[in-house]
Amino acid sequence: KFPSHNGKTIVFEKGGLLFTFDASTRQTKQVPVQINNDLNYAREKFTDVSGNISSASLSPSGERVLFSARGDLFTVPADKGITFNLTQSAAAHDRAADYSPNGKWMAWLSDQSGEYEIWIQAANGEGDARQLTSGADTYKFGFLWSPDSRYIAWNDQHYRLMLTDAETGNSKMLANSEYSRLGDFVWSPDSRWLAFTDGMPNQMGVIKVVNIENGNIELVSEAWYNSGSPSFSDDGKYLFFSSQRDFNPIYSRTEWNHAYINTDRVYMALLSKETPSPFAPENSDVKALEKDEAEKEADSKTKDSKKKDEKKADEVDEKPVTKIDFDGIAQRIVALPIDPAYYTNINCIGGKVYYNRIFQGGKPGSGLVMFDLKKQKEEELGNFQYALSADNKKMLVSQQGKWKVIDLPSSTIKMDEPINLSGMKMTIDYRTEWAQIFNEAWRQMRDFFYVENMHGVDWKAI
């Protein structure tokens, strides 16, 4: 690059170095260059990394938040306490950390082995970390603990949905797609099913459900409509998802065309044939004015029986079993009576459906919203992102870099007294980081290049 000459000698750059070429002798020599520099940008630096948060996980009861920030993991108290840097790993990129639902473990993705694998450690950071998966040959995107904390489901760039035993590390493939990454998945409350979004040849996403015991995969939504963001209700009766089924075009004032915006709504599939729709019409019937003694006695026995059943249910406190009748399930899909928009992050807890909504076209009302299935009423909670604790009693909300743990809301959320992130500080070892960044960039090119053979280039040699 950049050759220039003085009549006899040509000087040029090659590979970031300077060389001279003698025109008479045809000899090339490297020009030694030594630049004395303070190397300010290579010095270690102790700095605040709370502005570099990439993911957050709320502890099962909401006492702490596990943040991934600038390649390290931090556990931060929701109220009072000490912030800890759990990994301090300049040579590795640690990310996507998540507490197990039973509160015993935390898992995360790390490339300290040379590839992204799932690692696991005690939730309080004590003891040595254990590499759970091995043999990776492509990028892992994310994972989810099963509600019983026995399994971890994860997906990768080979379009696979995988299942790993959290104790043994044994893994198996649950699904493999020809058309899309399988990164949009969720567990049923009884840890028996995984619902996920799969791509179709028509570029539409459909909701599928896989049984982790026998591997059977069943289709829930129709291929006519683009669907995503699946989520089981906490009682295991419904499977919620967003779907693009509202087409109300607006006409352009500047070009001869239509535009389709705000095309999605939240839908729910009634998993069992016996489950009634919460939107079924009520029907009043003729009632007798007075009951005879036999009817009164029967009513009294029924009430006593109900009380006993409720008391038993409270004493046992068992997780609900998710029963799915796949026969005719597409005909048991109903829409929430809400405005068309774009919906993600759907969760139904105790008959209240929480979701994030985005209105296109400047319409107000985007943000976190709650829909009450009993009252059939929608309540705007504010412009927040959110995540739930494993016991479904606490919510982590975020807004413009601020985070807060609250009880499940039913009215507007106030971001007063957010979590104190001032303890999220770390020593940055730039030289060590640069080596990790270089290797990760090499893997990124390998995993995401648009043809698998890299145009015949030997990428390992490169």
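Mentor: Let us begin with the residue classes: Ala, Val, Leu, Ile, Met, Phe, Trp, Tyr, Cys and Pro count as nonpolar, Asp, Glu, Lys and Arg as charged, and the others, Gly among them, as polar. By that scheme the lining of the second largest pocket divides into 7 nonpolar, 3 polar and 4 charged residues. Keep in mind that the model is predicted.

Trainee: What is the volume of the second largest pocket, and which residues are closest to its centre?

Mentor: Its volume is about 320 Å³, and of the 14 lining residues the closest to the centre are H158, R446, D447, F449 and E452.

Trainee: What makes the space lined by E115, Y116 and D447, among others, a cavity?

Mentor: A cavity is a set of points where a 1.4 Å probe fits but cannot get out, whereas a pocket is an open set. The search of the whole structure finds 1 cavity of 30 Å³ or more, and about 40 Å³ of space lies in the largest cavity. Its lining consists of E115, Y116, T138, Y139, E440, R443, Q444, D447 and F448, which by class gives 3 nonpolar, 2 polar and 4 charged residues.

Trainee: Why is S188 called buried?

Mentor: The label requires under 20% relative accessible area, and S188 has 0%, so it is buried. This residue lies in the loop between β18 (185-187) and β19 (193-199).

Trainee: How do you know that the side chains of S188 and D190 make a polar contact?

Mentor: The limit for a pair of N or O atoms is 3.5 Å, and the contact joining these two side chains is 2.6 Å, within that limit.

Trainee: What makes β30 and β31 paired strands?

Mentor: At least two bridges are needed for pairing, and 5 bridges join β30 (residues 367-372) to β31, the two running antiparallel; L368, for instance, stands opposite G382 in β31. They belong to an open sheet of 4 strands in the order β28-β29-β30-β31, with antiparallel pairing. Here β28 (342-349) and β31 (377-382) are called edge strands, as each pairs on one side only.

Trainee: How do you know that β32 and β33 are paired as well?

Mentor: Against the requirement of at least two bridges, β32 and β33 (residues 394-399) have 4, in the antiparallel sense, and Q385 stands opposite S398 in β33. The open sheet that holds them has 3 strands in the order β32-β33-β34, with β32 (385-388) and β34 (402-407) at the edges.

Note on methods: Residues numbered from 1 in each chain as written. Predicted model: local features only at pLDDT ≥ 70, side-chain atom pairs only at ≥ 80, totals over all residues. Heavy atoms only, no water. 1 Å grid on protein atoms, 1.4 Å probe; cavity = no way out; pocket = protein on both sides within 12 Å on 5 of 7 lines; lining within 4 Å. Points joined across faces, edges and corners; volume = space filled by probe spheres on them. Buried < 20%, exposed > 50% of the residue type's maximum accessible area, 1.4 Å probe, protein only. Polar contact = N/O pair within 3.5 Å; in protein donor to acceptor, adjacent residues only side chain to side chain.
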